[in-house]
Amino acid sequence: MRRRSKVAELLRAAETSFAETTERAAAIALGLRDDSDFVRVRAQLDMLAEQAPNLRAEGLT
């Protein structure tokens, strides 16, 4: 029973991380929709790429 609890906890953490990432990506996309400065767009995408490895919930590896 304990193992199921841990799996459920990890799934909830992954779901939360995914939702937060989706919201952040959407906010960036909305913020950039009127922005024609590709340097700024690239900087935002680079920042997201740097954060991506940190989105993995602990215990899933």
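User: How are α1 and α2 oriented relative to each other, and how do I read that?

Analyst: Two packed helices get described by the angle between their axes and the distance between those axes. Here α1 and α2 pack at about 175 degrees with axes 11 Å apart, and they are therefore roughly antiparallel. That label goes to angles over 145 degrees. Axes are lines fitted to C-alpha atoms over the stretch in contact, and angles run from 0 to 180 degrees between N-to-C directions. One caveat: this is a predicted model, where local features need pLDDT of at least 70, side-chain atom pairs count only at pLDDT 80 or more, and totals for chains, interfaces and linings use all residues. Residues are numbered from 1 along each chain as its sequence is written, and side-chain values use heavy atoms, leaving out hydrogens and water.

User: Which residues make the contact?

Analyst: Contact means heavy atoms within 4.5 Å. From α1 you have Arg24, Ile28, Gly31 and Leu32, and from α2 Arg40, Val41, Gln44, Met47 and Leu48.

User: Which residues of α1 are buried?

Analyst: Buried means under 20% relative accessible area, with a 1.4 Å probe and protein chains only. In α1 that gives Leu10, Ile28 and Leu32, and their cover includes α2. Across the 61 residues of the chain, 8% count as buried.

User: What about Gly31, buried or partly exposed?

Analyst: Partly exposed is the range between buried and exposed, the latter being over 50%. Gly31 has 44% relative accessibility, so it counts as partly exposed. C-alpha to C-alpha, Gly31 is 9.7 Å from Val41, and the two are 10 residues apart in sequence.

Key: Helix = DSSP H or I, 4+ residues; strand = E, 2+ residues; numbered from the N terminus. Parallel < 35°, antiparallel > 145°, perpendicular 65-115°, else oblique.
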